[in-house]
Amino acid sequence: MTRFDKLFGLKAMTLTAALSMSAGLALAGDNNVSTDKILDALKPKPATRGLSVGPQADTTAQAKEATFLNTVRNRSTRSLSTGEREQIAELAATKPKIDLEIQFDYNSADIAKTSMASVQALGKALSDPALKGSTFVVAGHTDATGGEEYNQGLSERRADTIKKYLMQNYGLNGTDLVTVGYGETKLKDAGNGADPVNRRVQVVNMDTKTASK
């Protein structure tokens with residue numbers, strides 16, 4: 001093999017490795033989701049009743065949920081008690097929801113430019129006629145890096161930022177957006193508290209209506 005062949009082969013290998021690395025980084029950084037995906041995740045699902053649960057029980061449960069939601073509407077995020085935050089989480093567990101890996105600037109509640117597309121897709125989805133009349137919970141979560149008290153406050157500020165953006169840019173009613181912060185208390189990857197997947201915003205459709213079958 002000539003010196004030219006060796007040099008050409010080395011350059012080709014270097015270029016291939018560089019292109020592969022660039023493609024991998026682009027894929028890893030592209031966590032934005034589409035409006036349609038958010039819509040599909042948040043649309044009310046048909047109710048499935050157990051044999052022992054009748055219409056009256058459903059109506060009673062829905063009334064209790066509606067009463068509780070009314071107590072947290074128009075509340076500042078930081079005013080929610082631990083009990084109220086847990087009650088929201090309990091109700092949200094059975095509701096249509098989606099986790100969005102919305103990133104913020106370091107130690108900040110400012111939305112990162114790389115996540116702006118996801119926030120805009122969320123705004124379009126929540127203002128879609130298919131979700132009209134619903135109440136949404138916007139829950140902020142952090143990773144486990146840093147102090148617990150600091151992370152709690154940071155998650156609240158980030159949830160507030162999303163709510164403010166949706167109201168200002170998509171005309172959403174503030175009373176239909178309930179914000180809550182969970183800090184590092186509900187890690188998505190509990191085995192790796194510092195993993196970026198823990199830094200997310202969860203959106204839940206709290207509407208008590210169900211889709212028609």
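Reader: Let's start with N74. Is N74 buried or exposed?

Author: N74 is exposed, because its relative accessible area is 58% and the cut-off for exposed is over 50%. Bear in mind that this is a predicted model.

Reader: Where in the chain is N74 found?

Author: N74 sits in the loop between α3 (55-72) and α4.

Reader: And what is phi of N74?

Author: Phi of N74 is near 60°, which is a positive value in a residue other than glycine. Most residues other than glycine have a negative phi.

Reader: What about S79, which loop is that in?

Author: S79 also lies in the loop between α3 and α4. S79 counts as partly exposed, at 34% relative accessibility.

Reader: How far is S79 from V180?

Author: In sequence, S79 and V180 are 101 residues apart. In space, their C-alpha atoms are 9.4 Å apart.

Reader: Ok, step back. How many helices and strands are in the chain?

Author: The chain has six helices and four strands. Along the sequence they follow the pattern α-α-α-α-β-α-β-α-β-β.

Reader: How much of the chain is buried?

Author: Of the 213 residues in the chain, 37% are buried. The accessible surface comes to about 12400 Å², and 56% of that belongs to carbon and sulfur atoms.

Reader: What about contacts between residues at least 6 apart in sequence?

Author: Of those contacts, 79% join residues at least 24 apart.

Reader: Now α6. What span should its residues give?

Author: Helix α6 covers residues 148-170, which is 23 residues. At 1.5 Å a residue they should span 33 Å, and the end C-alpha atoms are 33 Å apart, so the two values agree.

Reader: Which residues of α6 are buried?

Author: Among them are N151, Q152, G153, L154, R158, I162 and L166. The buried set also includes E156, K163 and Y165.

Reader: What covers them?

Author: The cover for the buried residues of α6 includes helices α4 (82-92) and α5 (116-126). It also includes the strands β2 (136-141), β3 (177-181) and β4 (200-205).

Reader: What is Y170 in contact with?

Author: Leaving aside neighbours within four places in sequence, Y170 is in contact with Q120, G123, K124, S127 and Y165. Y170 and A125 are 45 residues apart in sequence, and their C-alpha atoms are 9.9 Å apart in space.

Reader: And what happens just after α6?

Author: There G171 takes a positive phi of about 65°.

Reader: Switching to α5. Which residues are buried there?

Author: In α5 the buried residues are S118, V119, A121, L122, G123, A125 and L126. What covers them includes α2 (35-42), β1 (97-100), β2, α6, β3 and β4.

Reader: How far apart are M116 and I102?

Author: M116 and I102 are 14 residues apart in sequence and 7.9 Å apart in space, C-alpha to C-alpha.

Reader: Let's do a strand. Where is N205 found?

Author: N205 is found in strand β4. N205 counts as buried, because its relative accessibility is 1% and buried means under 20%.

Reader: What is N205 in contact with?

Author: Leaving aside neighbours within four places in sequence, N205 is in contact with L42, P44, K95, P96, L131, S134, T135 and F136. N205 and A41 are 164 residues apart in sequence, with their C-alpha atoms 9.1 Å apart in space.

Reader: Last topic, pockets. How much space lies in the second largest pocket?

Author: About 260 Å³. Rolling a probe the size of a water molecule over the atoms shows where empty space is left.

Reader: Which residues lie nearest the centre of that pocket?

Author: Y106, N107, D143, R158 and R199 lie nearest its centre, out of 16 lining residues. By class, the lining of the second largest pocket has five nonpolar, seven polar and four charged residues. R158 is also one of the buried residues of α6.

Notes: Residues numbered from 1 in each chain as written. Predicted model: local features only at pLDDT ≥ 70, side-chain atom pairs only at ≥ 80, totals over all residues. Heavy atoms only, no water. Helix = DSSP H or I, 4+ residues; strand = E, 2+ residues; numbered from the N terminus. Buried < 20%, exposed > 50% of the residue type's maximum accessible area, 1.4 Å probe, protein only. Contact = heavy atoms within 4.5 Å. Areas by Shrake-Rupley, 256 points an atom, 1.4 Å probe, with all protein chains shown as cover. 1 Å grid on protein atoms, 1.4 Å probe; cavity = no way out; pocket = protein on both sides within 12 Å on 5 of 7 lines; lining within 4 Å. Points joined across faces, edges and corners; volume = space filled by probe spheres on them. Nonpolar A, V, L, I, M, F, W, Y, C, P; charged D, E, K, R; others polar. Expected span 1.5 Å × (residues − 1).
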